[in-house]
Amino acid sequence: MSGETVTLPFEGVAAEPGVPKPDPILVAHGVRRTFGGLTAVDVDHLEVQRGAITALIGPNGAGKTTFFNLMTGFDRPDEGTWAFNGRSLAGVPAHRVARLGMVRTFQLTKSLARLSVIENMKLGATGQHGESFWRALIPPLWQDQEREIEARATDLLGRFNLVHMSKEFAGTLSGGQRKLLEMARALMSEPEIAMLDEPMAGVNPALKQSLLDHVRQVRRDGTTVLFVEHDMDVVQDISDWVIVMAEGQIIAEGPPDVIVRDQAVVDAYLGAHHDAAVSFEEEEKQLEAAEAEEEAALQRQAEVRG
Ligand SMILES: Nc1ncnc2c1ncn2[C@@H]1O[C@H](COP(=O)(O)OP(=O)(O)OP(=O)(O)O)[C@@H](O)[C@H]1O
Ligand SMILES: [Mg+2]
């Protein structure tokens, strides 16, 4: 917290669900997703403020991951509209959403185990002009870009304490290191918004504080952060604004100090036990979809590079 000089735009914004923000980067309206008889997401209205760190909290099964999946094109809602920078994203596939500047990480890491750490990082740069077929035909530009990507990857790996692992297969990393890699890789595409699904889970406590500093740095660099987190100390420490989900709905929003004193939040969440993970099968399904997406990206990149 020390030395934070960021002026934040939440002054005068009421602490109530669906409240409009001064400069929203992401706006969701009437977004619903059901699985059989279960309503996983039922968001009437939600705005995410540009340039801020917003925490999305709520008990297990509240719909947080499903909401991320919907916003980023990994899943489709039954109904509803949502817009990123004023552009509707309905029907836009995940890889294009990422290219537009909205990237997400996964609750369970999906780094490609058979690629090295640095290769994973380079893959994260897709969406830069390197993917343009025509540019790929012009070697000098291409080489410049390769160098730039390499430099950015090394810089980010340094920031996330992974530079010594560059050449290792991602599969050899610890769970916490994979989370770091995934966050670093998400930043390779220089996104406008990074959506992080439990980025601290499994990260060694000694690294947690530096990871929090990295997230603050990401915001200082101009990237909006929306992250899911169960640890309320982390939420209070780092977020400018907190959104609370329960049973698919947004039940509260506000500054962290207001949220922890909100009785509805305490009832829905803080009093509840929230250590269990979602079922393995559900996460596996999401991971498979993500891996398929990633393999497709790899394929496209291979085609471009000939
Ligand atoms: N692919 C799916 N098929 C069926 N049900 C699903 C699927 N994905 C999610 N669900 C259900 O939707 C609800 C919301 O799940 P979701 O994973 O979004 O919750 P969450 O808030 O991310 O929970 P956690 O904090 O445990 O990660 C849960 O009841 C879950 O079982
Ligand atoms: Mg989840």
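**Salt bridges: worked exercises**

In this predicted model, Arg159 pairs with Asp155 in a salt bridge, their closest N and O atoms lying 3.9 Å apart.

**Exercise 1.** Find where Arg159 and Asp155 lie, and say whether each is buried, partly exposed or exposed.

*Solution.*
- Step 1. Both residues belong to helix 5 (residues 139-159). They are 4 residues apart, about one turn of the helix.
- Step 2. Buried means under 20% relative accessible area, and exposed means over 50%.
- Step 3. Arg159 has 24% relative accessibility, so Arg159 is partly exposed. Asp155 has 44%, so Asp155 is partly exposed.

**Exercise 2.** Describe the salt bridge between Asp237 and Arg216, and classify both residues by accessibility.

*Solution.*
- Step 1. The closest N and O atoms of Asp237 and Arg216 are 3.0 Å apart.
- Step 2. Asp237 sits in helix 8 (residues 232-238) and Arg216 in helix 7 (residues 205-220), so the bridge ties together parts 21 residues apart in sequence.
- Step 3. Asp237 has a relative accessible area of 22%, so Asp237 is partly exposed. Arg216 has 5%, so Arg216 is buried.

**Exercise 3.** Work out which parts of the chain the salt bridge between Arg50 and Glu192 links.

*Solution.*
- Step 1. In this pair, the closest N and O atoms are 3.8 Å apart.
- Step 2. Arg50 is in the loop between strand 2 (38-49) and strand 3 (53-57). Glu192 is in the loop between helix 6 (175-188) and strand 7 (193-197).
- Step 3. The two residues are 142 residues apart, so the pair links distant parts of the chain.
- Step 4. Arg50 is partly exposed at 27% relative accessible area. Glu192 is partly exposed at 33%.

Technical notes: Residues are numbered from 1 along each chain as its sequence is written. Chains are lettered from A and ligands numbered from 1 in the order in which they are written. This is a predicted model: local features need pLDDT of at least 70, side-chain atom pairs count only at pLDDT 80 or more; totals for chains, interfaces and linings use all residues. Side-chain values use heavy atoms; hydrogens and water are left out. A salt bridge is a side-chain nitrogen of Lys or Arg within 4 Å of a carboxyl oxygen of Asp or Glu. Buried means under 20% relative accessible area, exposed over 50%, partly exposed in between (1.4 Å probe, protein chains only).
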